[in-house]
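Please open the model in your viewer and keep the selection tool at hand. The stops below say what to select next and what is to be found there.

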Amino acid sequence: VGVVEAVGEGVDYVKPGDRVGYLLGPQGAYSDVRLMPAEVLIPLPDGISDRAASALMMKGLTAQYLFRQVYPLQGGETILYHAAAGGVGLVACQWARAIGVTMIGTVSTEAKAEVARAHGCTHTIVTGGMTAEDMAREIPKRVREITAGQGVPVVYDSVGKDTLMASLDSLQPRGSFVSNGTSSGPVVIDSTLLAVKGSIWMTRPAMVHYATPRAQMLAMADELFGHVLAGRIQGEPKQQFALADAAQAHRALESRSTTGATVLVP
């Protein structure tokens, strides 16, 4: 997130002085000033602070494409969402509540479970100390209890390797396994297993294929900002570090001691 200082020839949809954010484009965000392709810039509405926008730009729009495009939730569904107290997770909790979706969220500690529930997660499963085998047994068991034995139609899994079997065994027949991250390691799967587990649909989505062309990206942002301005989604970051302390921020993330979003401020 930043303020436009100058624009190139032919650019007429942003101008100097505009507050903008971005989620696509080249890497290099750890900087005071940078050059960006104009087509990836998203104008920020009044009423949304720089801090909130910086926390929401990637995480909020990730929740948008997961919930509204990859598996379009209509309201009334019960879903399983891993890492519900993470940066994307806390936005997802609020988005689920806003559209009438019951979220079952996994978290690593009881403290994170409380945070997730406060943001709209209906049920939480604490997995701290569990092995992958433990999770493969305990998470589906709890999901089946909550859903009266039916399982869920969709699982959003950003953890990957350690939660793969738990995710597959929590799904209804012909359910959808959305693999949107691999924080515990890559997902390697024999397609036969998808058949055995109930003719499961699997997708590994990438933001770029849902946020382009530009008109689609702006429509996604409009939906997100509408929820924020209406008070249905709060976007303030939970942690803030100076840009000079970026290494400390990375250590905090790696230790899993953070909740929600973390921002760097020049």
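Begin by selecting helix 1 (residues 50-70) and helix 2 (residues 87-98), which pack at an angle of about 50 degrees with their axes 9 Å apart. Helices (H or I, at least four residues) and strands (E, at least two) are DSSP runs, numbered from the N terminus, while axes are lines fitted to C-alpha atoms, for helices over the stretch in contact, with angles running from 0 to 180 degrees between N-to-C directions. Helix 1 and helix 2 are therefore oblique to each other, given that angles under 35 degrees count as roughly parallel, over 145 as roughly antiparallel, 65 to 115 as roughly perpendicular and the rest as oblique. To see the contact itself (heavy atoms within 4.5 Å), show the side of helix 1 that includes Leu56, Ala63 and Phe67, together with residues of helix 2 including Val88, Val91 and Trp95. The residues of this contact of helix 1 with helix 2 divide into eight nonpolar, four polar and two charged, where Ala, Val, Leu, Ile, Met, Phe, Trp, Tyr, Cys and Pro count as nonpolar, Asp, Glu, Lys and Arg as charged, and the others, Gly among them, as polar.

This is a predicted model, in which local features need pLDDT of at least 70 and side-chain atom pairs count only at pLDDT 80 or more, whereas totals for chains, interfaces and linings use all residues. Residues are numbered from 1 along each chain as its sequence is written, and side-chain values use heavy atoms, with hydrogens and water left out.

Next, select alanine 83, in the loop between strand 4 (78-81) and helix 2. Its phi is near 60 degrees, a positive value in a residue other than glycine. Most residues other than glycine have a negative phi, and most peptide bonds are trans. Alanine 83 is partly exposed, with a relative accessible area of 31%; buried means under 20% relative accessible area, exposed over 50%, and partly exposed in between (1.4 Å probe, protein chains only).

Arginine 256 also has a positive phi of about 60 degrees although it is not a glycine, and you will find arginine 256 in the loop between helix 8 (246-254) and strand 11 (262-265). At 57% relative accessibility, arginine 256 counts as exposed.

For a peptide bond to inspect, go to threonine 212 and proline 213, which are joined by a cis bond with omega at about 5 degrees. Proline 213 sits in the loop between strand 9 (201-203) and helix 7 (214-229).

Now move to leucine 164 in helix 5 (residues 164-169), which is buried with a relative accessible area of 8%. Which residues is leucine 164 in contact with, leaving aside its neighbours within four places in sequence? They are Asp157, Phe177, Val187, Val188 and Ile189. Leucine 164 and isoleucine 189 are 25 residues apart in sequence and 8.9 Å apart in space, C-alpha to C-alpha.

Then select threonine 124 in strand 6 (residues 123-126), where a polar contact of 2.6 Å joins its side chain to that of arginine 117. A polar contact is a pair of N or O atoms within 3.5 Å; within protein, one must be able to donate a hydrogen and the other to accept it, and residues adjacent in sequence count only if both atoms are side-chain atoms. Threonine 124 is buried, with a relative accessible area of 18%.

Finish at glutamine 239 in strand 10 (residues 239-242). A polar atom of the side chain of glutamine 239 lies 3.1 Å from the backbone oxygen of threonine 259.
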